[in-house]
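Please consult the sequence and the structure shown here.

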Amino acid sequence: MGKTLFEKIWDAHVVAQSDDGQALLYIDRMLIHDLHYRRFDALRESGRKVRRPDLLFATPDHSTPTDITRIDQIEDPEMRSTVAGLERNAREFGVTHFPLSDPRHGIVHVVGPEQGITLPGIVHVCGDSHTSTHGALGCISFGIGASEVEHVLVTQTLWQQKPRTMRLNVDGQLGPQVGGKDVIIALIRKISAAGGAGYAIEYAGSAMQAMSMEGRMTVCNMTIEAGARFGIVAPDEETFRYVKGRPYAPSGDKWNTALARWRELPSDPDARFDREVSLDVSRLGPMVTWGNSPEEAVQIDEPIPNPADIDDPDRRAGLSAALEYMDLKAGQMLADVSVDKVFVGACTNSRIEDLRAAAAVAKGRKAQVPTLIVPGSGLVKAQAEAEGLDRIFEEAGMLWRQPGCSMCVAMNGDMLSPGERSASTSNRNFRGRQGPQSRTHLLSPAMAAAASVTGRFADVRELTLANLDQS
Amino acid sequence: MDAFTLHTGIAVPLDIPNCDTDQIIPARFLRKPVDDPQYPRFFLADLRFDTDGSEKDFILNEAPFRNASVIVADRNWGCGSSRENAVTAMLKNNVAVVIAPSFGDIHYNNCVKRGLLPVRLSAEECAELRDYLKRNPGTQLTADLDDQVVSGAGNLSYRFEISSSDKQRLLTGLDDVDLTLRYQGDIEAFEKRRETEFDWLS
């Protein structure tokens, strides 16, 4: 029987197998963000050493305010000591570090692929659940907890139970203004927020093959919102084009060797998956979440569901609670709901393609509500500025900020006030995620920009778009 | 970490499906040092406390449940963020066992790594238990890891499944890193092999 893409990479990384069925996996590369700086302190106390500093890469993102460019400008002492702590420890332990002052810094899940740190065929981890993002390049990439981060620092390995495999076949041609964000929200709605628990998900099908790398990263990013730690897409010519020439990617003869290996990675035709799910996206429209779980979502032209229509009493109660928290009514159309703030950014949607999509809507229009545009890295920011996107946003009255996690996580100064409602390109609509009593609606960058210029959840397909090439 | 064999304590029913780790501990507390005297209050902070710090109308603020050390939760407990601080916040409240129909995968692992027992029972069993606890507040439940049984709610008794590796890890309380360092030779051999098999990566 053939092997799946996931199994091929897994099998090539098994260092040892325990008697009780766990594999000791070798970790090719690990990214480290500011919230884990204390793991190095723990090593210092225990006298343990970092095994392979050459395989570790660090950059601050969670605790970096988006209106400053230097550590000494961070007013909050907790944030400042966290960002400074990462810098100090990275230097002491010999870990490659992109500090605030370096244009390569940014959100770990944007920086990894951008620098060629993440590559097809490798096993890659980070102490952050959205590490699933990197699977878009055709690697095993997953989020881990703090104890596991420390374990990798000391041993460069992790004990893991091999997950079951699921293939999500996404077929059909996406309509205009519909992309990766809409696809993944629709998939989560279909399999539920826990549907992927215990699985590694391979995204396949014609719509995935036709999708850009940015789109694939958006899909893989929210894999964890479907309950699965691992999302993966078979590497193809689009992947290779994206990876080639990046600073930490192989070059010269090594590039040719790598390419030959990578071409052998896709799942064999006779590979078997534990579960297969299909979704035809030909008629998919822009998706918006209305509740407090990413599975609570509607297409913009559908009404919010009515709890009375749900048979399961527990689910009915959950639905009612979410409606109350979100201050919405059953059967209401989101197009009639106004927003207080708009956020374009986060590891889900802060890459250049995302910013272009938002700019195409923003051009020539005015923001009706406060709107924050936060590029995912210093390099994304520089590219956007070279393309004139920053001017489009600023002329529309939107705020163009420094890279970081920003309003996705409400721990760096960017957040909603209690009761405020956002249109947000981030990945979590949990209660309080964007600040105590915040109300978050997840959507694509184009839909976020449409919300900004209309002040409500407008269907971006009804707005005319600017041609950015003529700017 | 401490070894886990058996625990008996007051159990609290939490009827919150998809209770994500952002709710278990909001992000604004993630930079706090683990010895912060306020740490116990970070657990489910926005459900338990108002912005002025006063207690909200929430089950963990009711007399029989204040000292609960067993949580009976709903589906997808601990989904979302990988923050291990969620486990720290529970341990700081002396929570030793969480029973739920399903868990976020990362959170489940984090619990095991820190010596907190995650128990998977069916949705019906969890609902039955929560219902019993609401009708009999202050009931103590016992989780016996050796026998893989939860009991104590009248005549109710449930067997649960756990992988043998997770069970051993909890029963022994051994540090994972120490355990792995016994495989030093295998790691070195793999790294040597990797230099040729993954030469494009070096």
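The points below treat the interface and then the helix.

The model is predicted: local features need pLDDT of at least 70, side-chain atom pairs count only at pLDDT 80 or more, and totals for chains, interfaces and linings use all residues. Residues are numbered from 1 along each chain as its sequence is written, while chains are lettered from A and ligands numbered from 1 in the order in which they are written.

**Interface**

- In chain A, 54 residues are in contact with 43 residues of chain B (C-beta atoms, placed from the backbone, within 7 Å).
- Seven residues, the largest share of the side of chain A that touches chain B, come from H5(A); helices are DSSP runs of H or I with at least four residues, strands runs of E with at least two, numbered from the N terminus.
- Elements that each supply at least two residues of this side include strand E1 (14-17), helix H3 (77-93) and helix H11 (313-326) of chain A.

**Helix H11(A)**

- H11(A) has 14 residues and reaches 20 Å from its first C-alpha to its last, close to the 20 Å expected at 1.5 Å a residue (1.5 Å times one less than the number of residues).
- A:Gly318, A:Leu319, A:Ala322, A:Leu323 and A:Met326 are buried in H11(A) (20 or more other C-beta atoms within 10 Å of the residue's own; exposed means 12 or fewer, and partly exposed in between, with C-beta atoms placed from the backbone).
- Exposed A:Pro313 and A:Glu324 are carried on the face of H11(A) turned away from its buried side.
- Strand E19 (439-442) of chain A is included in what covers the buried residues of H11(A).

Technical notes. Two residues are in contact if their C-beta atoms, placed from the backbone, lie within 7 Å.
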